[in-house]
Amino acid sequence: MAEKMINLKLKVWRQNGPKAVGAFEDHDVSVSADSSFLEMLDELNDSLERNGKDPVVFESDCREGICGTCGLVINGQPHGPIPKIATCQLHMRHFTEGQTIWIEPFRAKAFPVLKDLAVDRSAFDTIMHAGGYVSVNTGGVPDANAIAIPKDVAAEAFDAAACIGCGACVAACKNASAMLFVSAKVSQFAVLPQGQPERYTRVQKMVKVMDELGFGSCTNTYACEAECPKGISVKNIARMNKDYIKAKVKTEKIELEA
Amino acid sequence: MGWLSESLNSSIGKKFIMALTGISLILFLIVHLAGNLTLFIGEEAFNLYVESLDKIKPFIRVIEVVLAAIFIFHIVNGIKLYFENRGARPEKYAVNGSRKNSTLFSRTMAQTGSIIFIFLVIHLSTFWKAFNLDTHAADASYYNIVLEWFQIEWYAVLYVICMIILGFHLNHGFQSAFQTFGWNHNKYASLIKKIGTGYAVIMAVGFASIPIYFLLGGM
Ligand code: SF4
Ligand code: FES
């Protein structure tokens, strides 16, 4: 059986560097309906290189939806039109013959464009350094399952921990808010016993750094949840709000220790 | 109190102010509508209602000052959020996909809020002023003041439009406040959303019914 091919008009964002002014570049491509979105861009880059032109810079790594490296805004939606998948899991069969596809980078002040479609998401790392961990003292290895954790609690933590840090929530939010990401990282510890000792300092530290990095404030549009490839729930944001307010009202400490 | 202003100026602090003042205004609107509905009972009932408020004027004045403060906090904070949030994405998307991932109500809070603010100014400078500042004859009827205003067509229509927009604003605001307080529970969240929508519809229809009633009555 012959491979089904589709013809598409691409409008690809090209930008030479963080300070450069970007613009869309038109490309007509013909691809197999079975190829993935990133394979289509690979093919485009091959032909660009063959013609001595600069390939389009975009990021990817695992190409199976688990690392969070890929991330494009496709026709206005981070990771494209299909819910709960990453850009690398998107296939061309979801597009129609002759369709125009706009491909843009994640746009946010806190995610400056490095080149073309690649953005600098190290702001997420900075937030993680501020509190996205549990401190474990060295010593004897604790017994596995020494602390009993109900199955549904473990599942809740796991659901939060499924966040791959891709940044689509920021890209989707009209305020470029990082609340879904940060709340997932806060929640994966906040619901478990191991996360309790640092629970209320963690949330304060991470929110403080998040604010300093220039992300917007959440206004509960829930666009993040709709576009998240891992289906992270905005319930995590509610939990983080509650923990943050509690921390501010109840703790005796006035200054946060670094 | 450095920690307090720092907390309230954080991103979550600003949400919290919006939610707390928003919920207060939501409660105020219920009282306001309940009082207004005496207009439907008749001239006497409404006049009696306004006069009974007049009798406890000092108390009402305190409430008004508190209300004004709540409004100002809500508005100033909302404006601040709007501009900061716009600044968080200096370069806009060429294709806006927000229709596919969020509701119109949630995306237009700043716009609906601005219209409600303009409405508030008009409302205060007509009704509130007429009831509180204008000198009127001892036998003047409050009911007639309402009647006269709402028989002006453009004024009545303006009210109806603004009340629909108020409904949009409340529909998102209600459930949003619960989310901000951290009350997003598997069992109750969908109920809260429904109550919020019901509340918004009741407020919009309830308040809009008054100008409609007087306008049609005058025709
Ligand atoms: S919450 Fe979802 S969209 Fe946001 S970084 Fe994590 S996986 Fe990506
Ligand atoms: S490349 Fe790893 S998630 Fe897409």
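**Close-up views of a predicted two-chain model**

Figure 1. B:Ile56 is found in the loop of chain B that runs between α4 (43-55) and α5 (57-87). The structure shown here and in the following figures is a predicted model. With a relative accessible area of 39%, B:Ile56 is partly exposed. Together with B:Leu53, B:Phe59 and B:Ile63, B:Ile56 forms a nonpolar patch on the surface. The accessible area of these residues together is about 340 Å².

**Figure 2. Salt bridge between B:Lys57 and B:Asp54.** In this salt bridge, the closest N and O atoms of B:Lys57 and B:Asp54 are 3.0 Å apart. B:Lys57 has a relative accessible area of 22% and is partly exposed. B:Asp54 is likewise partly exposed, at a relative accessible area of 30%.

**Figure 3. Salt bridge between B:Glu64 and B:Arg61 within helix α5 of chain B.** The side chains of B:Glu64 and B:Arg61 meet in a salt bridge with an N to O distance of 2.5 Å. Because the two residues are three residues apart in helix α5 of chain B, B:Glu64 and B:Arg61 are separated by about one helical turn. B:Glu64 is partly exposed, with a relative accessible area of 22%. B:Arg61 also counts as partly exposed, at 31% relative accessibility.

**Figure 4. B:Thr197 and B:His172 in chain B.** B:Thr197 belongs to helix α10 (residues 189-218) of chain B. At 36% relative accessibility, B:Thr197 counts as partly exposed. B:His172 lies 25 residues from B:Thr197 along the chain, and their C-alpha atoms are separated by 8.1 Å. As context for this view, chain B has 10 helices and zero strands. The C-alpha trace of chain B spans about 60 × 45 × 40 Å along its principal axes. Of the 219 residues of chain B, 43% count as buried.

Figure 5. A:Glu25 and A:Arg14 meet through their side chains in a salt bridge (2.9 Å, N to O). A:Glu25 lies in strand β2 of chain A and A:Arg14 in strand β1 (residues 5-14), so the pair ties together parts that are 11 residues apart in sequence. A:Arg14 counts as buried, at 13% relative accessibility, whereas A:Glu25 counts as partly exposed, at 28%. A network of salt bridges links A:Arg14, A:Glu25 and A:Asp116. Over all chains, the count of salt bridges comes to 15.

**Figure 6. Negative surface patch of chain A.** The patch is formed by A:Glu3, A:Asp34, A:Glu39, A:Glu43, A:Asp46 and A:Glu49. One of these residues, A:Asp34, is placed in the loop between β2 (23-32) and α1 (37-50) of chain A. A:Asp34 is exposed, with a relative accessible area of 52%.

**Figure 7. Largest nonpolar core of the model.** This core has 47 residues. A:Val170, A:Val182 and A:Phe215 are the residues with the most contacts inside the core. At least two core residues each are supplied by α2 (122-131), α4 (168-172), α5 (179-190), α6 (199-212) and α8 (235-250) of chain A. The element that gives the most to the core is α5(A), with seven residues. In soluble globular proteins, nonpolar side chains tend to be buried together.

**Figure 8. A:Lys246 and A:Tyr200 in chain A.** A:Lys246 is placed in helix α8 of chain A. At 35% relative accessibility, A:Lys246 counts as partly exposed. A:Lys246 and A:Tyr200 are 46 residues apart in sequence, and the C-alpha to C-alpha distance between them is 8.0 Å. As context for this view, chain A contains eight helices and seven strands. Along its principal axes, the C-alpha trace of chain A spans about 65 × 45 × 35 Å. Buried residues make up 51% of the 258 residues in chain A.

Notes:
Residues numbered from 1 in each chain as written. Chains lettered and ligands numbered in written order. Predicted model: local features only at pLDDT ≥ 70, side-chain atom pairs only at ≥ 80, totals over all residues. Heavy atoms only, no water. Patch = residues over 30% accessible without salt bridge, like charges linked within 9 Å, V, L, I, M, F, W, Y side chains within 5 Å. Areas by Shrake-Rupley, 256 points an atom, 1.4 Å probe, with all protein chains shown as cover. Salt bridge = Lys/Arg side-chain N within 4 Å of Asp/Glu carboxyl O. Lys, Arg positive; Asp, Glu negative; His and termini not counted. Charge placed at Lys NZ, Arg CZ, Asp CG, Glu CD. Helix = DSSP H or I, 4+ residues; strand = E, 2+ residues; numbered from the N terminus. Buried < 20%, exposed > 50% of the residue type's maximum accessible area, 1.4 Å probe, protein only. Core = buried A, V, L, I, M, F, W, Y, C linked by side-chain atoms within 4.5 Å.
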